[in-house]
Amino acid sequence: LALRIRRDLNNYLWVEARKPFGLYDNFNANDPVVNGASIRMAPRPEVLDKPRLLDTTPYSGSSFADATLKVDKTFFDPKSGANIKTLSATSEGTIVEVNLDCLRSAPIVTISPPIVLASPGETISYILNIFNKDTLGCAPATFSVTPTLPSGWSQIPDTAITTVDPISSKIVTFDIISAVDSTPATYIIPETITNLDDLNFTTTS
């Protein structure tokens with residue numbers, strides 16, 4: 001049996017309970033692997049790659065032989081904010097407790113198209129993708145998208161507001177209209193993406 005915890009966009013933690021059974025799980029009753037919870041990191045199911053066993057007792061000197069999270073021990077993953085504690089491990093089963101901390105991060109933002117050749121007064125449409133890197137222990141975050149425009153230029157909407165779930169993305173669309181008297185030149189238009197729930201996490205793209 002296994003419990004899956006999303007770690008980030010591409011990886012998961014798997015918390016496993018192993019018991020002596022059959023040809024492949026022919027463990028002894030006192031082996032560490034059947035007296036705790038094993039934790040592995042693995043990519044999305046569609047990615048063909050081997051899972052990686054995490055050693056929850058890295059300084060024991062026993063390599064991965066005692067990698068299992070023992071009873072009353074807690075493992076913390078700083079990437080997902082997951083606190084995993086083994087409460088019990090018996091022949092009847094293994095019980096673990098999982099608490100997810102809220103760890104906020106600045107979002108990842110991409111804009112398309114990144115470069116446009118346009119005439120003065122022309123309207124150009126853009127697609128902005130916001131990826132919310134907050135861990136699953138956080139509530140959905142509300143982001144504002146605000147431009148810094150040259151004089152006489154405008155953006156519709158002038159400020160976009162959107163809410164994005166943790167470890168998820170959302171698309172925002174907007175138009176930028178240049179001034180009719182704009183001088184032919186290269187213009188850089190910064191878009192500031194602010195987490196309105198925590199102003200410490202702001203990204204400019």
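Ile 161 lies in strand E13. The model that holds this residue is a predicted one. Ile 161 counts as exposed, because its relative accessibility is 53% and the cut-off for exposed is over 50%. Together with Leu 196 and Leu 199, Ile 161 forms a nonpolar patch on the surface. The accessible area of the three residues together is about 310 Å².

Nonpolar side chains in soluble globular proteins tend to be buried together. The largest nonpolar core of this model has 17 residues. Which of them touch the most other members? They are Leu 128, Ile 130, Phe 143, Val 145, Phe 174, Ile 176 and Ile 193. Four strands each supply at least two residues of this core: E10 (123–132), E11 (141–147), E13 (160–164) and E14 (168–177). The largest share, four residues, comes from E10.

A second core is separate and has eleven residues. Among them are Ile 5, Ala 37, Ile 39 and Leu 69.

Pro 157 lies in the loop between strand E12 (154–156) and E13. Another cis peptide bond runs from Ser 112 to Pro 113, with omega near 0 degrees. Pro 113 is found in the loop between E9 and E10.

Backbone torsions also pick out two residues other than glycine with positive phi. Phi of Ile 167 is near 50 degrees. Ile 167 lies in the loop between E13 and E14. Ile 167 is buried, because its relative accessible area is 5%. Phi of Asp 72 is near 75 degrees. Asp 72 lies in the loop between strand E5 (69–70) and strand E6 (74–77). Is Asp 72 buried or exposed? Asp 72 is exposed, with a relative accessible area of 56%.

Asp 72 is also one of the contacts of Leu 87. Leu 87 sits in strand E7 (residues 82–90). At 37% relative accessibility, Leu 87 counts as partly exposed. The C-alpha atoms of Leu 87 and Ala 160 are separated by 46 Å. Along the chain, these two residues are 73 residues apart.

Now the cross-links. The structure holds one disulfide. A disulfide is a covalent bond between the sulfur atoms of two cysteines. Here the partners are Cys 102 and Cys 138, with sulfur atoms 2.0 Å apart. The disulfide is right-handed, because the torsion about the S-S bond is about 100 degrees. The pair links distant parts of the chain, 36 residues apart. Cys 102 is in the loop between strand E8 (93–100) and strand E9 (108–112). Cys 138 is in the loop between E10 and E11. Cys 138 is buried, with a relative accessible area of 7%. Cys 102, at 39% relative accessibility, counts as partly exposed.

The closest N and O atoms of Asp 134 and Arg 104 are 2.6 Å apart. Asp 134 counts as buried, at 0% relative accessibility. Arg 104 counts as partly exposed, at 22%.

Side chains of opposite charge can pair when their charged atoms come close. How many salt bridges are there? The count comes to six. One of these salt bridges joins Arg 7 and Asp 77 (3.0 Å, N to O). Arg 7 is in the loop between strand E1 (2–6) and strand E2 (11–16), while Asp 77 is in strand E6, 70 residues apart. Both residues, Arg 7 and Asp 77, are buried.

Arg 40 and Glu 16 meet in another salt bridge (2.9 Å, N to O). Arg 40 lies in strand E3 (residues 36–43) and Glu 16 in strand E2, so the pair ties together parts that are 24 residues apart in sequence. Glu 16 counts as buried, at 17% relative accessibility. Salt bridges that share partners join Glu 16, Arg 18 and Arg 40 into one network.

Terms used:
Residues numbered from 1 in each chain as written. Predicted model: local features only at pLDDT ≥ 70, side-chain atom pairs only at ≥ 80, totals over all residues. Heavy atoms only, no water. Core = buried A, V, L, I, M, F, W, Y, C linked by side-chain atoms within 4.5 Å. Buried < 20%, exposed > 50% of the residue type's maximum accessible area, 1.4 Å probe, protein only. Patch = residues over 30% accessible without salt bridge, like charges linked within 9 Å, V, L, I, M, F, W, Y side chains within 5 Å. Areas by Shrake-Rupley, 256 points an atom, 1.4 Å probe, with all protein chains shown as cover. Salt bridge = Lys/Arg side-chain N within 4 Å of Asp/Glu carboxyl O. Disulfide = S-S within 2.5 Å. Contact = heavy atoms within 4.5 Å. Lists of a residue's contacts leave out its neighbours within four places in sequence.
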